[in-house]
Amino acid sequence: MFTDTGFWDTFRAQFPLNALLHPTMHGRYVSALLDAQEQCGWLPSWSFPNEQGSMIGNHAISLLADAWAKDIRTFDPVKALDAYAHEANHKGPWGPANGRDGYKEYNEMGYVPYPKYREATAKTLEYAYDDFCGYYLAKAVGNKKYMDLFGAKMFNYRNVYEPVRGFMLGKDAEGNWIKNFDPTEWGGPYTEGNAWHWVWSVFHDMAGLKQLLGGDQRFTAKLDSVFSVPNTVKVGTYGGLIHEMTEMVMADMGQYAHGNQPIQHMVYLYNYANEPWKSQYHAREVMKRLYSASENGYPGDEDQGQTSSWFVLSALGLYSVTPGTNEYVIGSPLFKKATITLENGKQFIIEAQQNSEKNVYISNALLNGKPYTKNFITYQDLVKGGRLSFIMSGTPNKKRGLAKSDQPFSVSGGL
């Protein structure tokens, strides 16, 4: 048995990093999720040390699907799918993420209604991602029953997108959108954030989100706006400043709130819309401005490994936008050379020639000596060892990584 972690934070980067550095231990960990489920009837969501059910989502399925996609197969996938199906269609006694808060309405209407359920829009978005993870694991093992069950719900994020305002909004049980909407207002239908943070929480289908937002150019313009709008805060249902709000204001990067989890993948999303050079720029800016080797070295809570795992992956030039798949999206490596000594005894070397504080842009790349234009690399490419060589520059190469095949995974592009 393993305990003391909250998956709402750590599914995003800590466990995808563990899968790369410590696959044997990671295999034991994900197997133990099913041991816990057998003993208490529920998959863990937040254990310290017993099941608390804190935060939102059913992210044990993210860990399980992610391990399977990365060939860490220490568990019975049908048992995992059965356990997740139970989780997604029942509500347990120990908090909102023990089972699924609002599951009946989510299943019937395709969204969790607000204000009937607090943080309902955030829950809808994370349930849709978790349903993708269930679908993708079922697809990998050829289980049509669960492919159909979860595949029907993984696009439910569309049901909380309001096209006039261009954000994910609260919606009541009668289908009415929240009134007096302000994208800088925290809480209400959102978890520890506001509409600027939560519009990006479609980890599994950026192609679909781009379509909702109006295509590549409008998508990247909205990404740009996160950094350019004022860093004002409306406290909303929190009734006062919480530390995550204060941290966003102190960061002074517009509405970019790296001190908390919902938006931490956002800087990597330019890779999906023909402007990967902006991901390179912003990833380095976040590392430079918000982290340091001091007692004030974190931009917010460490959050059980997530905040540091974001930095470790980003410093390598990688990030796990879509846990549950085998891809790591490419950013901008911090060091001229980094060597990952893998558990299998092999090494994967990431070198960045001419790298400097100003030379943050990837001019060209080679994977094992061959030209490499993709904006992602697979887990399987990493663990077999090799060398990823970047030529860095102070000016962006705006012609690299623009083919459709260079874009990272989106489920609506691969059905």
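**Salt bridges in the model**

Modeller: Let's start with lysine 123 and aspartate 101, whose side chains meet in a salt bridge at 2.6 Å, N to O. The two sit 22 residues apart, lysine 123 in helix α7 (residues 120–140) and aspartate 101 in the loop between α5 (77–88) and α6 (103–109). This is a predicted model, where local features need pLDDT of at least 70, side-chain atom pairs count only at pLDDT 80 or more, and totals for chains, interfaces and linings use all residues. Residues are numbered from 1 along each chain as its sequence is written, and side-chain values use heavy atoms, leaving out hydrogens and water.

Biologist: What counts as a salt bridge?

Modeller: A side-chain nitrogen of Lys or Arg within 4 Å of a carboxyl oxygen of Asp or Glu. Helices (H or I, at least four residues) and strands (E, at least two) are DSSP runs, numbered from the N terminus.

Biologist: How many salt bridges are there by this rule?

Modeller: The count is 20.

Biologist: Is lysine 123 buried or exposed?

Modeller: Buried, at 2% relative accessible area. Buried means under 20%, exposed over 50%, partly exposed in between (1.4 Å probe, protein chains only). Aspartate 101 is buried too, at 15%.

Biologist: New topic: what does glutamate 351 pair with?

Modeller: Arginine 387, at 3.0 Å, N to O. Glutamate 351 is in strand β8 (residues 347–353) and arginine 387 in strand β12 (residues 386–393), so the pair ties together parts 36 residues apart in sequence. Glutamate 351 is buried at 17%, while arginine 387 is partly exposed at 33%.

Biologist: And which residues form a network?

Modeller: Glu285, Lys288, Arg289 and Glu357 are linked by salt bridges.
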